[in-house]
Amino acid sequence: MASGTMQLNASSIREDFPILGRKVNGKPLIYLDNAATSQKPRQVIDSIRDYYGNYNANVHRGIHRLSEEASEAYESSREKAARFINAGFEETIFTKNATESLNLVAYSIGMQLGKGDEVVVSEMEHHSNFVPWQQICLKKGARLRFVKIDKEGRLDMDDLAGCLNRKTRIVSITHVSNVLGTINPVREIAKLAHDCGALFIVDAAQSAPHMPLDVRSIGCDFLAFSSHKMLGPTGIGVLYGKKELLDSMQPFIYGGDMIREVTFESTRFNELPWKFEAGTPNIAGGIGLGAAIGYLEKIGMENVFEHEKMLSEYALGRLLSEEDIKVYGPKKGRAGVISFNLKGIHAHDVAAILDQEGIAIRGGHHCAMPLMSRLEASGTARASFYIYNTKQEIDAMASALEKVRGVLTGR
Ligand code: 7TS
């Protein structure tokens with residue numbers, strides 16, 4: 001085990017998650033759909049209940065006590081989120097989710113694109129880091145390029161180098177693939193992008209919940225993630241942006257809270273980070289995210305990563321030993337997301353039969369249709385792990401797959 005890491009105690013962690021005590025179809029719930037959304041610990045649920053029960057008020061406007069308490073809690077969550085990724089307070093913008101964070105950059109920076117400019121994404125992007133760039137490029141007459149993946153499901157770094165040139169304005173790539181579990185070398189990509197004068201945007205939706213992140217050490221210009229995949233509530237996400245870039249960008253949405261002064265003729269915008277946060281924000285969501293970050297930091301992100309690495313190695317070992325199972329993505333050095341298919345069986349059928357056993361996995365295209373066409377698959381079954389998962393749950397999934405074979409093929 002790497003120095004400074006400690007085996008986390010999944011069984012005591014499980015006690016903090018009320019939902020893990022329930023049954024599904026008469027069986028104890030085994031939740032392996034964490035790449036879609038994570039479950040929430042009592043500490044997060046309580047922080048939201050406490051806000052609504054004790055100090056619910058709008059933020060940034062009231063002079064009264066409740067509004068001050070709500071503003072203080074909401075902004076202290078921003079401080080936590082900033083510290084979590086080693087960003088500045090004013091560089092940490094609250095959005096609705098990773099999707100909105102990526103759209104904010106695509107629209108605001110994308111507005112500056114012109115004919116002949118190039119944007120580079122990869123074949124393994126989630127639609128939320130794909131469609132916004134595709135649409136902006138179509139609108140602006142810019143060219144969208146796709147970095148290939150290799151046979152193992154890793155980013156082809158030679159192909160990336162070949163996609164970059166002096167016309168490249170933006171490189172936007174996922175840190176961790178939500179289908180393949182591939183961990184992309186974001187520091188190296190940042191350097192390559194910057195060497196040709198482009199900005200580098202990281203989609204951290206699948207990495208922020210699972211490993212230590214440091215935007216300064218990555219060297220990215222923007223980074224996006226969602227609270228709901230990291231023990232926090234839905235409806236709140238984060239966009240990190242370098243201060244000088246955010247200063248130079250137009251807001252994405254206009255309205256209250258994002259202004260300094262409005263006259264009949266013109267508007268002066270608020271300072272960062274509020275310039276990008278129009279309207280009443282998701283106050284309870286921000287407070288819940290702060291509690292989630294507190295919970296994860298207590299465990300330690302290195303320990304979170306090591307636990308999931310152990311689980312994914314164990315699961316890979318079990319799945320790869322079955323002849324009729326095709327596993328997608330790298331066999332080593334990957335995150336806790338495993339996509340697979342059983343020969344001759346549709347991924348939806350696998351997910352449906354596992355559900356009868358109380359096991360939640362996802363089956364489908366995982367919002368990555370271009371990747372599915374690259375993999376020549378209509379969909380995959382996907383198991384994805386988090387801090388509360390155990391080897392026993394993976395064993396239960398493997399036994400349930402026997403049942404899938406029995407029911408659907410008589411094998
Ligand atoms: N980027 C990646 C890599 C993702 O996996 C997801 C969500 C998003 C962006 C968008 O996050 P959102 O919170 O804005 O929706 N991925 C998945 C998934 O794999 N299954 O459900 C959602």
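## Ground rules

Residue numbers start from 1 along each chain as its sequence is written, and side-chain values rest on heavy atoms, with hydrogens and water left out. As the model is predicted, local features need pLDDT of at least 70 and side-chain atom pairs pLDDT 80 or more, while totals for chains, interfaces and linings use all residues.

## The largest pocket

The largest pocket holds about 290 Å³ of space. Closest to its centre, out of 25 lining residues, sit His126, Ser128, Ala205, Gln206 and Lys229. (A pocket is an open set of points on a 1 Å grid over the protein atoms alone, where a 1.4 Å probe fits, with protein on both sides within 12 Å along at least five of seven lines; lining residues have an atom within 4 Å of a point. The volume is the space filled by probe spheres set on the points.)

Domain 1 (10-31 + 300-409) and domain 2 (46-297) both contribute to the lining, so the pocket lies between them; the bounds come from an automatic or database domain assignment.

## Around the ligand

With Ser226, a ligand oxygen is 2.6 Å from a side-chain N or O atom.

## Cysteines

There are zero disulfides here (pairs of cysteine sulfur atoms within 2.5 Å). For Cys196, the nearest cysteine sulfur is that of Cys163, 11 Å away.

How values were computed. Polar contact = N/O pair within 3.5 Å; in protein donor to acceptor, adjacent residues only side chain to side chain.
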